[in-house]
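Hi,

Here is the structure I said I would pass on.

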Amino acid sequence: MTETARREPDGRTALLQSMNDRRSGLPKQRHSQEQVEKVLRALPSHGWPAGWLGRRDRALLVLSQVAQLPYASIAALTAGELQIADGVASIRTPGGMTRVRRNEDGLICGPCALARWVHALDLTVVYPDGRVIAAVIARAVPLTAHSPHLCDSNNTITEVTGRLAVLPPIDQWGHPVRTVSTRSAVSRPIHGRDVIRSRAATRLAEPLDAREEQRANSLEQRVEMLLDH
Ligand SMILES: [Zn+2]
């Protein structure tokens, strides 16, 4: 993989980062690059719900294995803290800015994986009727090594999507359980299912929110499941 992830500490809350690291079960990357690439190549990008789950898994692998962010940071990350443009994904966490650069191979391009996922997430906000996202992903053109790079253009999302957890919890059907990150915001259920509200407004004061810890653990388990076979 030729992507490079670079962390640029911005001087903010180094303590937070170390707490996140401690809770994330280091070492962060015990899987080989070959193993990660093999799984990235095999994940589905279309069909419902396979393509939805595949896009989410691809984004999760990029954040955890390519960007090497601690799971606690990934669980706390909102879509608005992720910017993808000019072949680079810039991810802002309390630990600083991490950048993931493009790979020519569309199947393993980190910024493209993140752009595709955030775009799908945005569609669930713009079209709250779950049948829309299901239809879009069901009919999506399968991703290949030669797919056009979404990461080259500006990937703008709605303000509402920007406040959502980039990897919201999913229910047993794979449907997103929307997490709204301001206390005042009223969340609407997707597909009529229950909604979990987070209080990201208080996140810096309470960085180790129990719900985020639970989500960090489930993200880590998902990655282990994907890479351990
Ligand atoms: Zn790309």
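Below is what I found when I went through it, starting with the overall picture.

Keep in mind that this is a predicted model. The average pLDDT over the chain is 79, and 70% of the residues reach at least 70.

Of the 229 residues in the chain, 39% are buried. Looking at contacts with a separation of 6 or more, 67% of them join residues 24 or more positions apart.

The largest nonpolar core has 40 residues, and Ala 59, Val 62, Leu 82, Leu 114, Val 118 and Leu 219 have the most contacts inside it. Helices 2, 3, 4, 5 and 8 and strands 2 and 3 each put at least two residues into this core. Helix 5 gives the most, with seven residues.

Helix 3 covers residues 50–66, and its 17 residues span 22 Å from first C-alpha to last, close to the expected 24 Å. Most of this helix is covered, with 15 of the 17 residues buried. There is something to see on either side of helix 3. In the loop between helix 2 and helix 3 sits Pro 49, and the peptide bond from Trp 48 to Pro 49 is cis, with omega near 0°. After the helix comes Gln 68, with a positive phi near 55°. Gln 68 belongs to the loop between helix 3 and helix 4, and it counts as partly exposed because it has 14 C-beta neighbours inside 10 Å.

Asp 86 is another non-glycine residue with a positive phi, near 50°. You'll find Asp 86 in the loop between strand 2 and strand 3; with 13 other C-beta atoms within 10 Å, it is partly exposed. These backbone values are worth a look because most residues other than glycine have a negative phi, and most peptide bonds are trans.

Next, a helix pair. The axes of helix 5 (residues 110–126) and helix 6 (residues 130–138) come within 8 Å and cross at roughly 145°. On the helix 5 side the contact uses Ala 120, Leu 123 and Thr 124, which meet Val 132, Ile 133, Val 136 and Ile 137 of helix 6. By type, that makes six nonpolar residues, one polar and no charged.

Last, which loop holds Ala 79? Ala 79 is in the one between helix 4 and strand 2. Not counting residues up to four places away in sequence, Ala 79 touches Val 118, Leu 121, Ile 157, Thr 161, Gly 162, Leu 164 and Val 166. Ala 79 and Glu 159 are 80 residues apart in sequence, yet their C-alpha atoms are 9.5 Å apart in space.

Cheers

Methods: Residues numbered from 1 in each chain as written. Predicted model: local features only at pLDDT ≥ 70, side-chain atom pairs only at ≥ 80, totals over all residues. Buried ≥ 20, exposed ≤ 12 C-beta atoms within 10 Å, placed from the backbone. Contact = placed C-beta atoms within 7 Å. Helix = DSSP H or I, 4+ residues; strand = E, 2+ residues; numbered from the N terminus. Expected span 1.5 Å × (residues − 1). Axes fitted to C-alpha atoms, helices over the stretch in contact; angles between N-to-C directions. Nonpolar A, V, L, I, M, F, W, Y, C, P; charged D, E, K, R; others polar. pLDDT = per-residue confidence, 0-100. Core = buried A, V, L, I, M, F, W, Y, C linked by C-beta atoms within 7 Å.
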